[in-house]
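Let's take a walk through a protein model together.

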Amino acid sequence: MEKPYAFTVHRVRRARRHRWRWAQVTFWCPEEQLCHLWLQSLRELLEKLTSRPKHLLVFINPFGGKGQGKRIYERKVAPLFTLASITTEIIVTEHANHAKESLYELNIDKYDGIVCVGGDGMFSEVLHGLLGRTQRDAGVDQDQPRAALVPSPLRIGVIPAGSTDCVCYSTVGTSDAETSALHIVVGDSLSMDVSSVHHNGTLLRYSVSLLGYGFYGDIIKDSEKKRWMGLVRYDFSGLKTFLSHHCYEGTVSFLPAQHTVGSPRDRKPCRAGCFVCRQSKKQLEEAQKRSLYGLEGAEEVEEWKVICGQFLAINATNMSCACPRSPQGLSPAAHLGDGSSDLILIRKCSRFNFLRFLVRHTNQGDQFDFTFVEVYRVKKFQFVSKPAEDEDGSVRGRGKKRLGQLCSDRPPCCCAVSSSAWNCDGEVLSSPAIEVRVHCQLVRLFARGIEENSKQESHC
């Protein structure tokens with residue numbers, strides 16, 4: 001061509017292990033008028049894509065993970081936002097709850113979404129700020145356990161820069177910053193359940209990934225005392241908690257999620273365009289309408305199930321809780337938007353059997369295939385702890401808390417102590433007695449769910 005004219009289209013290229021990569025294609029035209037015609041047509045089509053964000057509020061946690069949040073954003077994310085003509089307002093957080101407080105005060109109506117750069121803790125802070133602001137503006141009392149919470153119109157984007165990045169890994173399939181940025185650029189949307197955690201008529205926290213009592217509660221409680229150790233504190237506290245082998249006595253009451261079309265052991269993971277999430281939400285809405293019109297009376301009360309006993313761990317997951325260390329997660333078939341949580345009860349057992357259970361999290365085996373493990377799909381549950389006492393009334397295990405000390409009991413070995421704490425998405429809840437309710441698809445992320453590996457087409 002004697003006088004070539006050209007324009008470049010930036011696009012997404014799918015890579016291995018659910019990663020997305022920025023790529024570009026240059027088109028050459030023989031005539032200037034034809035080149036301008038193509039450019040005009042493409043720009044008009046892009047303007048019609050209302051799902052794409054144009055103005056974002058970005059929170060960067062400079063301390064989370066390895067302290068690389070600001071560097072990751074500037075090198076991997078900001079250039080992509082610039083290419084996509086996305087304007088941003090950036091706030092680098094200076095203290096705990098900075099993002100949450102800002103979302104209560106700022107005019108958030110001018111933004112198309114909120115982006116958090118950090119780990120799961122940063123996401124949780126943005127989630128609490130956005131949900132709290134939405135309920136306040138709508139006049140909803142968050143402290144009321146039965147309140148119908150209002151979904152936020154703004155989506156949340158997650159740029160992973162933490163230690164585990166469980167939320168990002170479970171919704172995108174990888175903890176890769178460039179991949180997450182591209183999901184934001186193309187305007188993906190994924191609805192996700194949120195659990196509200198109450199105690200005595202007061203909202204304690206919201207949870208999107210893990211609520212863990214016993215083993216995981218003890219780990220997070222102990223690791224908080226060892227922040228000076230850095231990220232290795234989780235490994236140290238995990239080993240210490242495993243060797244302590246404490247079990248806790250209590251009562252779990254739950255309402256089975258009869259509206260769901262899946263089960264925790266059906267080996268059908270949540271994927272992009274998930275049928276289980278769509279159908280479960282539809283059936284939940286139909287059940288709520290029947291209840292609203294008085295077609296269902298006291299059936300809900302009769303459906304509650306009660307389980308008492310001694311437990312090494314009680315886990316409730318709204319998602320698979322997958323991460324690089326545990327690619328399948330704590331509940332591989334948990335769904336992001338089906339209006340339910342997978343309640344996992346690990347009863348008192350020997351230290352060896354509990355190790356077998358933990359090892360299953362790192363491989364392809366069925367981690368619920370143990371006689372001491374029970375799993376239920378629920379939409380509400382309550383837990384009340386009971387001090388573990390001997391027949392003479394003395395609390396057991398007071399002299400068995402030192403690291404590495406083995407229990408003198410016969411197998412199954414277990415040291416019973418009075419109470420644990422709850423691990424709520426990596427934060428400690430000191431109250432053991434809680435009431436939990438799942439709110440179906442309460443928030444939306446800039447994501448589309450984990451895509452099937454067979455789909456390798458390019459997405460422009």
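This is a predicted model: local features need pLDDT of at least 70, side-chain atom pairs count only at pLDDT 80 or more; totals for chains, interfaces and linings use all residues.

Which residues of α9 are buried? They are Val276, Cys277, Ser280, Leu284 and Ala287. Looking down the axis of α9, you would find these buried residues within an arc of 95°, so they line one face of the helix. Part of what covers them is β17 (434–445).

The chain has a mean pLDDT of 87, with 88% of its residues at 70 or more. Over residues 388–412, however, the pLDDT is below 50, although this stretch has 42 contacts in the model beyond near neighbours in sequence. Residues 454–460 also have a pLDDT below 50, and there the model shows 13 contacts beyond near neighbours in sequence.

You can check the length of α9 yourself. This helix covers residues 275–292, and at 1.5 Å a residue its 18 residues should span 26 Å; the C-alpha atoms at its ends are 26 Å apart, which agrees.

Now visit helix α7, residues 215–223. Eight of its nine residues are buried, so this helix is largely enclosed by the rest of the structure. Among them are Phe215, Tyr216 and Ile219.

Finally, consider the cysteines. The structure has zero disulfides. Take Cys440: the closest cysteine sulfur belongs to Cys277 and lies 8.1 Å from the sulfur of Cys440, which is too far for a bond. Another cysteine, Cys424, is buried, with a relative accessible area of 0%.

Key: Residues are numbered from 1 along each chain as its sequence is written. Side-chain values use heavy atoms; hydrogens and water are left out. A disulfide is a pair of cysteine sulfur atoms within 2.5 Å. Buried means under 20% relative accessible area, exposed over 50%, partly exposed in between (1.4 Å probe, protein chains only). Helices (H or I, at least four residues) and strands (E, at least two) are DSSP runs, numbered from the N terminus. pLDDT is the predictor's confidence in each residue, from 0 to 100. Contact means heavy atoms within 4.5 Å. The expected span of a helix is 1.5 Å times one less than its number of residues. The arc is that of the directions from the helix axis to the C-beta atoms.
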